[in-house]
Amino acid sequence: MKQVIDDTEDVELDFGNEDEAQSLRRAWIPHPLASFLHLFFRVAAIVTYLICDWFSKSFTSCFIIIITLLCCDFWSVKNVTGRILVGLRWWNQINDDGRSLWLFEARKMSSQGGTEVEAKIFWLGLIMCPVIWTGFFFTSLFSLKIHWLVLVLAGVTLQLANLYGYLRCKAGGLEFPATSSFMQGHQFLQRPDVIYGVL
Amino acid sequence: MAEVDDSRKPMFAGLSDVSISADIPVEGEINVPVGTPSQDDEYSTLDEPVKDTILRDLTAVGKKFVHVMYPKKSSALLRDWDLWGPLLLCVTLALMLQGNSVDSKEEGGPQFAEVFVIIWFGSVIITLNSKLLGGTISFFQSLCVLGYCIMPLTVAMVVCRLVLLGGSGTVSFIIRLVVVTASFSWSTFASTAFLVDSQPPNRKALVVYPVFLFYFVIGWMVLTFSPSA
């Protein structure tokens, strides 16, 4: 019996070290999947646009693949990675009286939100890609490849829309209390950590 | 503290003749449990799980397709607009209108992009037209309605391709003509049912006419499609 007790006393458990490494990683990038996806779709669309001529002779399949990637990117950045990485979200809604409003919500404290690294990843990805697509717009315009121009225009539109929406969110817009008449028909409960506003 | 005394008065009414020195301090706490309302968990969509977001958007798109099938006066198509349905329909229609010339890269290219340009550019033009005529509908709502109402013509395209598998004689042409005419009328009727309410009354014909033209052009592309065998 004594031996068993000695054995248990001598054993050192290294849980502390493992937790440290993991918590260090989590302190840098708490949401690795969201960060990866944020960049993956955008970069994949750009890379596919650049190399698709080598792989496939069919314009249609390239077009569809790039449009699908651009749409997945638009949806995921607008609805998922924005709120996970930086706690911002923007959308449009139509009131009961038919008015169209562009609204946003912003998290005040970043308790559950991302860290600085994630914010940098988010904004870097958000800004660089529309710039690259605008470059593609000019190259395809001047090389007179008109059917690629349609694709590039779609890409520029989608990426610029997200960039514009998030920049307006960040700039704060016009705040208003959640019980005002803007919000008729949609219950937005006042939460102390979220700001609602008009873009 | 005054509330404490008030609430205790009825309970201890029988003891009213008992004299208690007024100097005894009554201390204590009353904790009224504030029930967190169930709505607290919804409606900041900042924290909702991703699956909820996906499901919400998918059901919205599905509902709109159903509304196009049965165009009653409902506000779902207009209130929560989205452009995913039009994109899907546009891609499907463009793919089907491509013909069997997948092997020759020059043929496939312009036709595919042409359909895209016609549909989206046409929708934008119609929307601008209706806004210039004084309509109250917003830009994206109008794009949403016009895009979703392409669905009958997409169905007609599928039917036409199936009919063409059986041969391309006069009979198949008549069948296709009937199908395309029916679906074109359905598209025009469905979209005007949604769009026309937002227009001033003496301008309704001016708004319906471009919509008619738009679906006519798409119907024409569907009808004159012939696979280059």
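Q: Is Asp73(A) buried or exposed?
A: In this predicted model, Asp73(A) counts as buried, because its relative accessibility is 2% and the cut-off for buried is under 20%.

Q: Where in chain A is Asp73(A) found?
A: Asp73(A) belongs to helix 4 of chain A, which covers residues 59-86.

Q: Which residues does Asp73(A) touch, not counting those up to four places away in sequence?
A: Asp73(A) touches His38(A), Phe41(A), Arg42(A), Gln159(A) and Asn162(A).

Q: And with which side chain does the side chain of Asp73(A) make a polar contact?
A: The partner is the side chain of Gln159(A), at 3.2 Å.

Q: At what angle do helix 4 and helix 6 of chain A pack?
A: The angle is about 5°, and the axes of the two helices are 11 Å apart. Helix 6 of chain A spans residues 146-171. Helix 4 of chain A is therefore roughly parallel to helix 6 of chain A, since angles under 35 degrees count as roughly parallel.

Q: Why give both an angle and a distance?
A: Two packed helices are described by the angle between their axes together with the distance between those axes.

Q: Which residues of helix 4 and helix 6 of chain A meet?
A: On the helix 4 side they include Phe63(A), Ile66(A), Leu70(A), Asp73(A) and Val77(A). On the helix 6 side, Leu151(A), Leu158(A), Gln159(A) and Asn162(A) are among them.

Q: How do the residues of that contact between helix 4 and helix 6 of chain A divide?
A: There are 16 nonpolar, five polar and two charged residues in the contact.

Q: Changing topic to chain B: how many helices and strands does the secondary structure come to?
A: Chain B has nine helices and zero strands. From the N terminus on, its elements run α-α-α-α-α-α-α-α-α.

Q: What share of the residues of chain B count as buried?
A: Of the 229 residues of chain B, 40% count as buried.

Q: What about contacts in chain B between residues at least 6 apart in sequence: what percentage join residues at least 24 apart?
A: The value for chain B is 75% of those contacts.

Q: How do helix 7 and helix 9 of chain B pack?
A: Helix 7 of chain B, residues 151-165, packs against helix 9 of chain B at an angle of about 15°, with the axes 10 Å apart. That angle makes helix 7 of chain B roughly parallel to helix 9 of chain B. The crossing of these two helices is right-handed.

Q: Which residues of helix 7 and helix 9 of chain B meet?
A: Leu153(B), Ala156(B), Met157(B) and Cys160(B) in helix 7 meet Tyr215(B), Ile218(B), Gly219(B) and Val222(B) in helix 9. By class, this contact has seven nonpolar residues, one polar residue and no charged residues.

Q: Is Thr154(B) buried or exposed?
A: Thr154(B), which lies in helix 7 of chain B, counts as buried at 7% relative accessibility. Leaving aside neighbours within four places in sequence, Thr154(B) is in contact with Leu89(B), Thr92(B), Leu93(B) and Met96(B).

Q: Where is the place of Thr224(B)?
A: Thr224(B) is in the segment after helix 9 of chain B, a helix of residues 204-223. Thr224(B) is partly exposed, because its relative accessible area of 43% falls between the cut-offs of 20% and 50%.

Q: What does the side chain of Thr224(B) reach?
A: The side chain of Thr224(B) reaches the backbone oxygen of Trp220(B) at 2.8 Å.

Q: How many residues apart are Thr224(B) and Arg176(B) in sequence?
A: Thr224(B) and Arg176(B) are 48 residues apart in sequence, while their C-alpha atoms are 9.5 Å apart in space.

Terms used:
Residues numbered from 1 in each chain as written. Chains lettered and ligands numbered in written order. Predicted model: local features only at pLDDT ≥ 70, side-chain atom pairs only at ≥ 80, totals over all residues. Heavy atoms only, no water. Helix = DSSP H or I, 4+ residues; strand = E, 2+ residues; numbered from the N terminus. Buried < 20%, exposed > 50% of the residue type's maximum accessible area, 1.4 Å probe, protein only. Polar contact = N/O pair within 3.5 Å; in protein donor to acceptor, adjacent residues only side chain to side chain. Axes fitted to C-alpha atoms, helices over the stretch in contact; angles between N-to-C directions. Parallel < 35°, antiparallel > 145°, perpendicular 65-115°, else oblique. Left-handed = near helix turned anticlockwise from the far one by under 90°. Contact = heavy atoms within 4.5 Å. Nonpolar A, V, L, I, M, F, W, Y, C, P; charged D, E, K, R; others polar.
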